Amino acid sequence: DEEDDMDDEYDRAVDQDDCEAGSYRTEAGECEECPEDTWSDVGATSCKQCPDGKVSQAGSTSESHCYDEMFMPVSDAEYKIQKADGPASGWYLTSDSERRNKNSGYVHVHPSSGDDKEELWGIEKTTYRKEVCYKIKSLHGAHEGRLLVVHGTATDAGDGRVLIHKTPFNRDDDECWMLEPVMKEGELFHRLMKATGRHQGKFMVTINEHDSEKEWMWADVTDRDDALEHRLWRIIVN
């Protein structure tokens with residue numbers, strides 16, 4: 001009996017050490033998932049708070065999984081915007097697309113090494129009617145200085161076609177985007193959502209192929225459930 005009691009104590013001791021990362025041991029001896037905005041290592045008895053101004057998903061396993069609640073652009077930085085999921089995964093957003101008229105052109109994603117100048121963008125945090133949003137600007141090429149917009153141009157399905165437009169534009173609300181952070185499997189992605197103006201609330205996706213033999217897909221915004229499965233993007237400092 002004494003030997004059985006020792007075995008039970010040993011089993012309990014082992015159990016006390018096996019809470020996985022992202023969880024902690026409660027006073028009742030149970031493993032419980034760490035709440036949002038915290039994280040933990042293996043065998044933790046409490047969860048650690050993310051640094052000030054940062055958030056995390058429940059069950060986060062490292063401080064590196066804590067991220068800024070809002071995208072914080074680096075001043076004068078050049079960014080690449082890369083599709084992170086779906087059929088165009090790994091392709092880069094470029095302003096080197098077809099011309100729409102003298103003031104605007106289309107944008108698309110295409111497979112590349114990521115070295116094209118037209119794939120470099122500036123991102124500025126701003127406000128529209130006291131609400132935070134972001135403006136995304138082409139930094140090189142024929143559309144240098146023009147902003148990413150969505151206004152009246154639409155597909156047959158009603159999705160908005162993303163354009164690069166001369167600025168200042170006559171409607172500031174068509175220039176505003178939200179960059180929603182998403183942590184997935186330890187990597188930070190963003191969803192690009194139209195924040196204000198026409199097509200407000202729709203997410204940028206790549207669901208429509210170009211009609212020609214060119215290997216590219218248009219950048220559109222949509223809120224259709226059947227088109228929202230793949231809407232993650234990487235925002236990469238060049």
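For the record, residues are numbered from 1 along each chain as its sequence is written, and side-chain values use heavy atoms, with hydrogens and water left out. Since the model is predicted, local features need pLDDT of at least 70 and side-chain atom pairs count only at pLDDT 80 or more, while totals for chains, interfaces and linings use all residues.

**Overall dimensions**

I looked up the radius of gyration, taken over C-alpha atoms, and found 23 Å for the protein, against the value near 18 Å that a compact globule of 238 residues would have under the rule of 2.2 Å times the number of residues to the power 0.38. Along the principal axes, the C-alpha trace spans about 90 × 40 × 35 Å. I then noted that 46% of the 238 residues count as buried, where buried means under 20% relative accessible area, exposed over 50%, and partly exposed in between (1.4 Å probe, protein chains only).

**Disulfides**

Cys19 is in the loop between α1 (2-16) and β1 (23-25), and Cys31 is 12 residues away in strand β2 (residues 31-33). I see that Cys19 is buried at 1% relative accessibility, whereas Cys31 is partly exposed at 40%.

In another, the sulfur atoms of Cys50 and Cys66 are 2.1 Å apart, and the link is left-handed, with -70 degrees about the S-S bond. Cys50 lies in the loop between β4 (48-49) and β5 (54-55) and Cys66 in the loop between β5 and β6 (67-68), so the pair ties together parts 16 residues apart in sequence.

I also checked Cys133 and Cys176, joined at an S to S distance of 2.3 Å: Cys133 is in strand β13 and Cys176 in the loop between β16 (163-165) and β17, 43 residues apart.

**Positive phi**

I noted a phi near 50 degrees for Arg129, a residue in the loop between β12 (121-128) and β13 (131-138), and exposed with a relative accessible area of 70%.

Key. Helix = DSSP H or I, 4+ residues; strand = E, 2+ residues; numbered from the N terminus. Disulfide = S-S within 2.5 Å.
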